[in-house]
Amino acid sequence: MDASIFIWSRLQFAMTAAYHWLFVPLTLGLSMVMAIMETMYVVKKDEFWKKAAKFWMKVFAINFAVGIATGIILEFEFGTNWSNYSWFVGDLFGAPLAIEGIIAFFMEATFFAVMFFGWNKVSKKFHLASTWLTGIGATISAYWILVANGWMQNPVGTTFNPDTVRSEMASSAAFWEVISNPMAVDKFFHSVLNGWFVGGTFVLGMSCWFLLKKREIKFAKRSALIGAIVGAIGVFGGFISGDRSGVNAAELQPMKLAASEGLWDGGRRAAFSVVPGVEVPGVLSFLATHDFNGYVPGINDIISGYASNNGEVIPSAEEKIQMGKTAIAALKGYRENRDSNPAVAAEYRQVLEQNEKYLGYGYLDSPEELIPNVPLVYWSFRLMIGFGMVGILLFILAFIALHKDKLQDWKWLLWLGIITIPMAYLSGQFGWVVAEVGRQPWTIQGLLPVKAAISSLSVGAVKTTFFVFLGVFALFLVIEIRIMIQAFKKGPEIDEAVPVVTNNE
Amino acid sequence: MTLEFLQSYWWILVALLAGLLVFLMFVQGANVALLDGKYDQVRKRMIINSTGRKWELTFTTLVTFGGAFFASFPLFYSTSFGGAYWVWMLILLTFVFQAVSYEFQNKKNNWLGSRAFQIFLVINGILAPLLIGAAVGTFFTGSDFTVNKEAISNIGEPMERIISSWGNSWHGLETVVNLHAMLLGLSVVSLTMILGNLYMLNNIEDEMVEKEARKTIFACTIPFLAFFLTWLVILLVRPGFAVDMEGNIFMEKSKYLHNFLQMPVVLVMFLVGVAGVLAGIGTGIFSKSRKGIWPAGIGTVLVVMALFFIAGFNNTAYYPSGTDLQSSLTIANSSSSVFTLKVMFFVSLFIPFVLAYIMYAWHAMDKKHITKDEIEETPEKY
């Protein structure tokens with residue numbers, strides 16, 4: 001077996017997901033900005049807000065198309081590249097995708113068309129509702145896909161069925177466990193708020209660009225204020241939801257937390273590593289357990305086994321792998337005997353149920369496979385937080401400047417606004433690296449490693465599609481950036497002397 | 001609610017989504033008209049803006065069709081998507097290019113020029129219905145795959161643990177030489193072109209577009225009838241993939257004819273659907289009415305649903321394996337658990353609400369037909 005089949009499948013999925021996440025956050029953040037602006041237009045009846053909203057809608061539409069195009073690739077890739085995964089967890093995993101389609105995508109698709117083309121075709125209020133519903137649809141969509149992702153991180157509400165050879169929903173009521181999974185709820189807030197951070201920074205940063213060019217002053221200042229409000233809610237909320245993510249990781253994915261801290265040997269009063277060599281004692285324990293004296297296991301502890309804060313003894317990786325292999329052997333024995341010898345099959349089933357929790361470990365060859373790429377996770381975590389802190393600084397300064405009406409005068413701040421745009425994007429990208437690389441080697445935490453989740457494809461086939469997608473994505477990105485630049489060069493072309501509209505359109 | 005009821009219920013919903021998808025592929029069919037040299041740039045833009053207000057519905061229906069299939073019959077998703085890799089990847093690529101082509105084509109600085117994006121729309125307009133039609137065609141001819149659930153308990157090489165495996169390295173491209181499946185693909189291409197031109201008649205107000213659209217409907221009807229009737233005759237006489245009481249798959253002569261005869265409601269549905277399509281075509285060719293899209297569209301949904309019913313109901317394997325008959329997928333052996341299907345049943349109750357707001361928005365947006373003046377004057381356009 002060429003191990004590179006699952007490496008290339010992972011690369012392809014990672015590339016698609018990372019690329020998709022270039023467009024989704026802007027969609028989420030911009031939808032708020034333009035909905036607020038259109039609301040101002042409807043409430044104040046000021047034509048200025050209509051033109052401002054329309055400009056950001058134009059930017060939204062350019063971005064939205066590529067987001068949709070890449071979203072469908074992700075959905076298909078679950079089946080095309082992860083065939084075993086699709087069967088093993090399809091009983092649960094397919095449902096959020098279908099619900100996303102039925103409830104969210106149709107809402108987005110229907111009302112986007114009204115929002116974009118309907119200015120002169122529907123009433124003002126219907127149009128405003130469509131603009132909000134487009135953003136709400138995008139947000140609901142994020143919730144359902146993050147329910148699916150949250151379940152991959154913390155597979156609640158399911159049980160392994162040896163007759164169908166898959167994880168199945170334990171009961172209809174278990175679906176509530178899936179949709180209220182703390183991992184899913186935190187990821188939803190964290191991801192959507194990252195979208196607001198990106199969208200807010202983008203609007204503020206591009207408004208700074210207009211101010212630097214001394215163009216569209218009124219538009220730029222008002223956009224900057226709304227961008228700063230949306231972005232500040234995003235970044236502050238992101239830090240709060242990030243705290244919850246840390247506590248969840250400590251409890252449910254200790255290896256991810258240890259990797260993101262580069263913590264090889266854990267203990268009580270664990271130090272938070274700012275950068276290598278700079279540590280703050282006790283802070284990691286506090287972040288992970290909300291207790292400065294809490295125990296945080298390191299990578300070596302997880303591999304060799306440890307006792308958790310609540311006294312539970314966690315087996316070593318070697319023991320887990322052995323129990324996993326016992327579970328797999330019992331599964332085989334059960335299936336071979338279930339028709340011919342039910343009594344023997346029942347014994348195998350009992351062994352399987354005793355070791356089911358570690359089934360996925362049985363597909364691993366060595367404990368080292370349980371350790372993700374530590375430097376990548378460690379540095380991604382720091383960059384995510386670092387870029388978020390730059391965002392906080394930017395928004396505080398922007399509020400001060402806007403309050404004093406000095407934004408257009410503080411050139412250094414205008415430049416900071418512009419250069420924070422890529423940082424906001426990168427914060428989200430690095431966040432996903434922490435979330436996904438940090439939980440390797442699992443597709444489903446503890447249940448199914450990536451190397452047991454693949455499709456029966458040749459390496460050549462996956463390499464080919466990888467490079468085709470790489471080319472397509474690069475092409476779209478170049479075109480999108482060129483069109484965006486053109487749109488900003490042209491600008492909203494708002495005449496500052498537009499009269500107030502008093503009649504209903 | 002029993003598992004059997006829920007499996008049938010979800011097969012009906014998958015069939016409904018498939019029917020709506022084929023109907024909504026009028027977007028693809030209309031975009032093929034961009035090849036027509038008689039249309040000037042303004043009229044081409046009228047067509048693009050006409051389909052441009054609906055393409056996301058088609059796209060979303062495709063995504064929801066995939067999601068619903070995944071949720072209700074995951075073994076199909078893992079077997080077909082992971083097996084017929086190239087077919088699904090090609091379908092995907094054409095839709096990906098379509099999605100950006102609307103937004104990019106008339107924007108300044110788009111690098112490739114508007115013509116290139118129009119060509120992408122035309123490629124999607126032909127390839128997507130062809131490949132989707134041919135993929136559904138294999139529901140009646142069989143594909144080259146095996147399903148072995150014992151594989152998951154192999155702890156050896158990862159490739160030995162894969163439950164669903166494709167039998168050849170063409171990974172679905174071999175369908176090109178499966179003439180019966182390709183006939184259905186070609187039928188869908190010509191049908192979507194007919195539907196596309198009926199939609200243009202309904203949505204665009206322009207004398208020249210109207211004249212050309214009516215001519216194209218006539219020109220496409222001849223190959224459509226030839227492809228579809230040939231496919232249908234072969235379908236009715238060919239052996240089909242039947243399932244016995246124990247769940248074993250066996251070949252049964254004229255299985256699909258038997259399915260029609262043993263499920264008269266489905267037969268009536270099919271015939272009413274065909275009549276609707278023909279009525280729509282007749283309206284497009286022989287009358288001055290612009291409303292042919294509605295009988296043809298409803299007819300299309302009914303025909304596709306009927307075909308899904310004869311593929312999956314009445315003890316039939318809907319995704320048969322020609323390599324290993326017992327690996328064939330039935331709605332019983334490939335579905336999700338009763339709990340998942342039950343949860344999804346309650347979710348499906350949202351569908352009428354979704355359809356209602358789509359119809360409301362569609363009606364609101366289409367009250368005024370697209371005219372040359374609108375395209376020349378409005379800034380909100382593709």
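**Notebook: chains A and B**

I began at the chain contact and found the side chains of Glu374(B) and Lys121(A) meeting in a salt bridge, 3.6 Å from N to O. I am working with a predicted model here. The count of salt bridges between chain B and chain A came to 3.

Next I looked up the extent of the interface. I noted 82 residues of chain B in contact with 89 residues of chain A. The two chains bury about 8,100 Å² between them, and 73% of that is on carbon and sulfur atoms. Which residues of chain B lose the most area to chain A? I wrote down Phe70(B), Ile152(B) and Glu380(B), together 8% of what that side buries.

Then I turned to the nonpolar core. The largest one holds 285 residues, and Trp56(A) and Tyr318(B) touch the most other members. Helix α3 of chain A, residues 83-117, gives the largest share of this core, 20 residues. I also see at least three residues drawn from each of domain 1 (4-251 + 376-490) and domain 2 (267-363) of chain A. Apart from this core lies another, of 31 residues, including Ala258(A) and Leu370(A).

I stayed a while with Tyr318(B). Beyond its neighbours within four places in sequence, its contacts include Trp11(B), Phe69(B), Phe73(B), Phe76(B) and Phe139(B).

My last stop was helix α7 of chain B, residues 114-141. Its 28 residues reach 40 Å from first C-alpha to last, close to the 40 Å expected at 1.5 Å a residue. I found 22 of the 28 residues buried, so α7(B) is largely enclosed by the rest of the structure. Just after α7(B), Gly142(B) takes a positive phi of about 95°.

Notes. Residues are numbered from 1 along each chain as its sequence is written. Chains are lettered from A and ligands numbered from 1 in the order in which they are written. This is a predicted model: local features need pLDDT of at least 70, side-chain atom pairs count only at pLDDT 80 or more; totals for chains, interfaces and linings use all residues. Side-chain values use heavy atoms; hydrogens and water are left out. Helices (H or I, at least four residues) and strands (E, at least two) are DSSP runs, numbered from the N terminus. The expected span of a helix is 1.5 Å times one less than its number of residues. Buried means under 20% relative accessible area, exposed over 50%, partly exposed in between (1.4 Å probe, protein chains only). A nonpolar core is a set of buried Ala, Val, Leu, Ile, Met, Phe, Trp, Tyr and Cys residues joined through side-chain atoms within 4.5 Å. Domain bounds come from an automatic or database domain assignment. Contact means heavy atoms within 4.5 Å. Buried area is the accessible area (1.4 Å probe) that two parts lose on being put together, summed over both. A salt bridge is a side-chain nitrogen of Lys or Arg within 4 Å of a carboxyl oxygen of Asp or Glu.
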